[in-house]
Structure formats: structure tokens, C-alpha cells
Amino acid sequence: MYRNIFIKTLRDGRRSTLLVGIGLFLIGIYVAVLFPDVGESFSDLMDNMPEFLQSIIGDAAEFATPEGFFSTQPFGVLGPIIMMSLAINRGIAAVSGEEEGNTLDQLMANPVSRTSLILQKSLSLLISVTVPTVFLGASLLLGASIMNFEFSFSKMLQMLISLLLLAWAMGFLALAVGAATGSKSMALGVSATVAAASYLIHLLAPMVDAISFTKYFSVMYYYIGDRPFVNGMTLWHGAVLAIIALLSLVCSVYAFNRRDLH
């Protein structure tokens with residue numbers, strides 16, 4: 001019998017959480033060390049790119065600044081992919097992973113309600129995703145200190161919060177599907193499809209006016225559409241991601257409580 005499901009879940013996932021954190025830390029250091037040498041040249045390269053590509057990536061002049069450069073890497077591609085992958089993995093493992101691994105019965109043997117189990121799993125997901133984000137922020141600060149340049153600490157925090165909200169939204173979506181179906185493949189399929197479709201829309205919507213409205217169906221738009229590292233986080237964008245996460249959590253509790261597990 002497990003005394004504390006929350007602590008057990010954190011302990012079970014500590015290695016992967018730490019490895020992802022170290023990976024993001026190294027990526028952040030690498031990008032920060034590169035900026036003084038490649039920032040200006042990258043800006044010049046952007047200036048010569050086709051207009052439709054600039055509409056996706058942003059104003060070329062921004063890339064001569066740390067905020068604009070970091071918005072592309074690590075926050076434009078690697079950061080969200082890694083964080084969404086980690087969060088989805090945690091969401092899948094929370095219920096459907098335990099169920100298909102035949103360990104859910106052991107957890108349910110504890111004097112704990114189904115609601116408490118979901119909430120403890122959810123709290124462990126929140127922390128498991130937050131830790132690597134802290135590593136990433138620390139790496140950018142360290143890299144800037146080593147290379148002797150500055151950027152807005154406030155804007156970095158807003159960018160990190162936006163990244164966290166994106167990861168939480170996708171992680172809780174995977175948890176909700178897993179709690180409702182008990183199927184790892186279903187949870188992975190739905191959450192991965194949403195993530196991939198969001199990325200595709202994020203890339204294509206700025207290119208064609210006729211489909212530009214589809215950006216509102218992409219979680220990537222609410223994550224980085226207004227470039228939080230450059231312009232600051234748009235509150236309603238963050239609210240949309242938070243609402244997705246919260247509604248997914250509520251659906252997880254509701255669906256799991258209604259399921260016949262026998």
C-alpha cells in the first residue's frame with residue numbers, strides 16, 4: 001500500500017524529469033552562448049527571407065535582440081515540443097498507464113478516493129513539468145551572465161509561464177482522455193493529434209489570409225502568437241490555456257468517477 005500517491009508518482013518519474021531538465025538547461029546555455037555571435041547575422045538573414053516566412057517567424061529586427069532570438073530558439077520549436085511531450089507522457093501515465101500496466105488496482109487499494117487519486121496525479125504532473133522549465137530559465141540567465149549581455153527578466157518569466165500553461169494544457173488533455181477511456185493509445189493519439197495540428201496551423205495560418213482565422217484553434221497561437229518574450233504575455237491567451245487545463249482536469253475527475261473499473 002502506498003502512503004502517498006503524489007510522492008510515489010514524483011519519485012517514479014524523477015529520472016525523466018531530471019533528464020529533461022538537464023537537456024533544456026544545456027539547450028538554453030547553447031542558445032545563449034550563440035546569441036552574441038549569430039544574433040546580428042540571423043537578423044540579416046531574416047531580412048532577406050520571403051515575406052511569408054517573416055510573417056511566421058516575426059520581425060527580422062527583433063532577432064538582433066536576445067528576446068527576439070530566444071523567441072525562436074529555444075521557445076519557438078524545441079522548448080514547446082519537449083515540454084508538450086513530457087506533459088503528455090505524464091498525463092498518459094497517470095491513469096491509463098497505471099491501468100494498462102495492471103498497477104491501478106494497487107493504487108485503488110489505498111484509502112483514497114478516485115478524486116483524490118486524480119488530484120494527486122495532477123499535482124505531480126504540474127511539478128514534473130515545472131522543474132524543467134526552471135532549469136531552462138536558469139540556463140538563459142547563466143548564459144547571459146557568461147556572455148555579458150542582458151535581457152528582460154520579466155519578459156522571460158512571462159515566456160516561461162506561457163510555456164508552462166501550454167504544457168499543462170496538453171498534459172491534462174492526455175490525462176482526461178486516459179481517465180475516460182483507460183487507453184494509453186487513445187490518450188496519446190488525441191493529445192498528439194491536437195499538438196501536431198496546432199503546430200501545423202501555427203505554421204500555415206499566417207501564410208494564407210483565407211485560413212488565418214484558424215489560428216484561434218491552435219494552442220500554439222495562445223502560447224506564442226503574441227511573442228511573450230518580446231511583447232509580454234497577453235492575459236487572455238494565458239487564460240485560454242489555463243481554462244483548457246482546468247476543464248481537462250475537471251473532465252478527468254468526472255470521467256474517472258463514473259467509470260466501472262471492475
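The crossing of helix 1 and helix 7 is right-handed, a crossing being left-handed if the near helix is turned anticlockwise from the far one by less than a right angle and right-handed if clockwise. This is a predicted model, in which local features need pLDDT of at least 70 and side-chain atom pairs count only at pLDDT 80 or more, whereas totals for chains, interfaces and linings use all residues. Residues are numbered from 1 along each chain as its sequence is written, and side-chain values use heavy atoms, with hydrogens and water left out.

**Overall architecture**

- The protein chain contains 12 helices and zero strands, where helices (H or I, at least four residues) and strands (E, at least two) are DSSP runs numbered from the N terminus.
- Read along the sequence, the pattern of the protein chain is accordingly written α-α-α-α-α-α-α-α-α-α-α-α.
- Of the 262 residues of the protein chain, 47% count as buried, a term that stands for under 20% relative accessible area, with exposed meaning over 50% and partly exposed in between (1.4 Å probe, protein chains only).
- Among contacts in the protein chain with a separation of 6 or more, 77% are accounted for by residues 24 or more positions apart, contact meaning heavy atoms within 4.5 Å.

**Helix 1 against helix 7**

- Helix 1 (residues 5-12) and helix 7 (residues 114-147) pack at an angle of about 40°, and their axes are 8 Å apart; axes are lines fitted to C-alpha atoms, for helices over the stretch in contact, and angles run from 0 to 180 degrees between N-to-C directions.
- On the helix 1 side the contact involves Ile-5, Phe-6, Thr-9 and Leu-10, which meet Leu-117, Gln-120, Lys-121, Leu-123, Ser-124, Ile-127 and Ser-128 in helix 7.
- By class, the contact of helix 1 with helix 7 has six nonpolar, four polar and one charged residues, where Ala, Val, Leu, Ile, Met, Phe, Trp, Tyr, Cys and Pro count as nonpolar, Asp, Glu, Lys and Arg as charged, and the others, Gly among them, as polar.

**Helix 5 and its partners**

- The axes of helix 5 (residues 78-100) and helix 7 come within 10 Å and cross at roughly 160°, and the two helices are therefore roughly antiparallel to each other (angles under 35 degrees count as roughly parallel, over 145 as roughly antiparallel, 65 to 115 as roughly perpendicular and the rest as oblique).
- The crossing of helix 5 and helix 7 is right-handed, and the residues of helix 5 that meet helix 7 include Met-83, Leu-86, Arg-90 and Glu-98, with Ile-118, Lys-121, Leu-125 and Pro-132 among those on the helix 7 side.
- The contact of helix 5 with helix 7 has 10 nonpolar, three polar and three charged residues.
- The axes of helix 5 and helix 9 (residues 184-204) come within 9 Å and cross at roughly 160°, so these two helices are also roughly antiparallel to each other, and their crossing is right-handed.
- The residues making this contact include Pro-80, Ile-81, Met-84 and Glu-100 of helix 5, together with Lys-184, Leu-188, Ala-195 and Tyr-199 among those of helix 9.
- The residues of the contact of helix 5 with helix 9 divide into 10 nonpolar, four polar and two charged.

**Selected residues in helices**

- Arg-90 lies in helix 5 and is buried, because its relative accessible area is 12%.
- Not counting residues up to four places away in sequence, Arg-90 touches Gly-13, Ser-16, Thr-17, Leu-125 and Ser-128.
- Val-33, in helix 2 (residues 14-47), counts as partly exposed at 32% relative accessibility; Val-33 and Ala-144 are 111 residues apart in sequence and 7.4 Å apart in space, C-alpha to C-alpha.

**Helix 8 and backbone features**

- Helix 8 (residues 153-181) has 29 residues, which at 1.5 Å a residue should span 42 Å, and its end C-alpha atoms are 42 Å apart, which agrees; the expected span is 1.5 Å times one less than the number of residues.
- Helix 8 is followed by Gly-182, whose phi is positive, near 75°.
- Most residues other than glycine have a negative phi, and most peptide bonds are trans.
- Asn-148, in the loop between helix 7 and helix 8, has a positive phi of about 60° although it is not a glycine, and Asn-148 counts as exposed at 70% relative accessibility.
- Arg-227, in the loop between helix 10 (219-224) and helix 11 (228-231), has a positive phi of about 50°, and Arg-227 counts as buried at 13% relative accessibility.
- A cis peptide bond, with omega about 10°, joins Gln-73 and Pro-74, and Pro-74 is found in the loop between helix 4 (66-72) and helix 5.
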